[in-house]
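Please open the structure in a viewer and keep the sequence at hand.

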Amino acid sequence: MGYLRKGLLLLILPLFAFTIAHKFYISVTHVGYSEKDDALQVTTRVFIDDMNSVLNERYDISSKLGTDEASKADNSYFEKYLRTKFVIEINGKPVRYTMIGKEYDTDMIVCYLEVPKIDLPTVKTVAITNEMLTDLFDEQQNVLHIKIKGKKKSFVLLKSDAKGMLNL
C-alpha cells in the first residue's frame, strides 16, 4: 500500500507544479491617428499593482491607485512617472502629449493620451519609447501596436530595447 501511495504522489506532484501562479509583467499600448480629431491617440494599459509598486519604490510613497483611497498625490506621481518613462517622437523629435484621462478596468489602469494638431502629410516617422516598469521589473514587456495611414507594426519593448518606430 505504501508503494501505491508513493507512486500516485509521484504521478500527481508534477501536475501541481503547473498550477502555481506565475506573475507576468506586461503592458499593452495602442497608437493610432484620428482624422476627425487631427490627433495621434494613445491608449495604454498597465497593471495597477505593478504601477503602485513602482511608485512606492521610486517616490517613497504609499500609492493606492485603483482604490477609493487614491490621493491627488498618487495621481500626480503617476503622471510624473508616465512622462519620464513614456516618450512620443514624431520625425525624430520628442512631442508633448496631453493626458486626456485614465480609468480602472478590473486590475488595469487604462490611460488615454493625445498629441493634438498633427500635420499628417509631413509625418515620416512615429516612435514610442516605453520604459514603464522596467526600472523595477527586469521581466517587464511593453507591447506596442502602431497603426497609422494604413501601415501597422507591433513591437515587444524590453528593458534593453525600449523603442519602437513606424516609418510612414
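Which residue is the bridge partner of Thr-29 in E8? The bridge partner is Leu-144.

Before continuing, please note that this is a predicted model, in which local features need pLDDT of at least 70 and side-chain atom pairs count only at pLDDT 80 or more, whereas totals for chains, interfaces and linings use all residues. Residues are numbered from 1 along each chain as its sequence is written, and side-chain values use heavy atoms, with hydrogens and water left out.

**First stop: Thr-29 and its strand**

Select residues 26–34, strand E1, in which Thr-29 is found. Helices (H or I, at least four residues) and strands (E, at least two) are DSSP runs, numbered from the N terminus. Thr-29 is buried, with a relative accessible area of 0%; buried means under 20% relative accessible area, exposed over 50%, and partly exposed in between (1.4 Å probe, protein chains only).

Next, display the side chains of Thr-29 and Thr-44, which make a polar contact at 2.7 Å. A polar contact is a pair of N or O atoms within 3.5 Å; within protein, one must be able to donate a hydrogen and the other to accept it, and residues adjacent in sequence count only if both atoms are side-chain atoms. Leaving aside neighbours within four places in sequence, the residues in contact (heavy atoms within 4.5 Å) with Thr-29 include Val-42, Phe-86, Asn-130 and His-145.

Two strands pair if DSSP finds at least two bridges between them.

Now select the open sheet of 4 strands, with the order E4-E3-E7-E10 and antiparallel pairing. Its edge strands, E4 (93–95) and E10 (163–167), each pair on one side only.

Focus on E3 (residues 86–90) and E7 (residues 125–130), which pair over 5 bridges. Phe-86 has Asn-130 as its bridge partner in E7.

Thr-129 lies in strand E7 and counts as buried at 15% relative accessibility. Not counting residues up to four places away in sequence, Thr-129 touches Lys-85, Phe-86, Val-87, Ala-162 and Lys-163.
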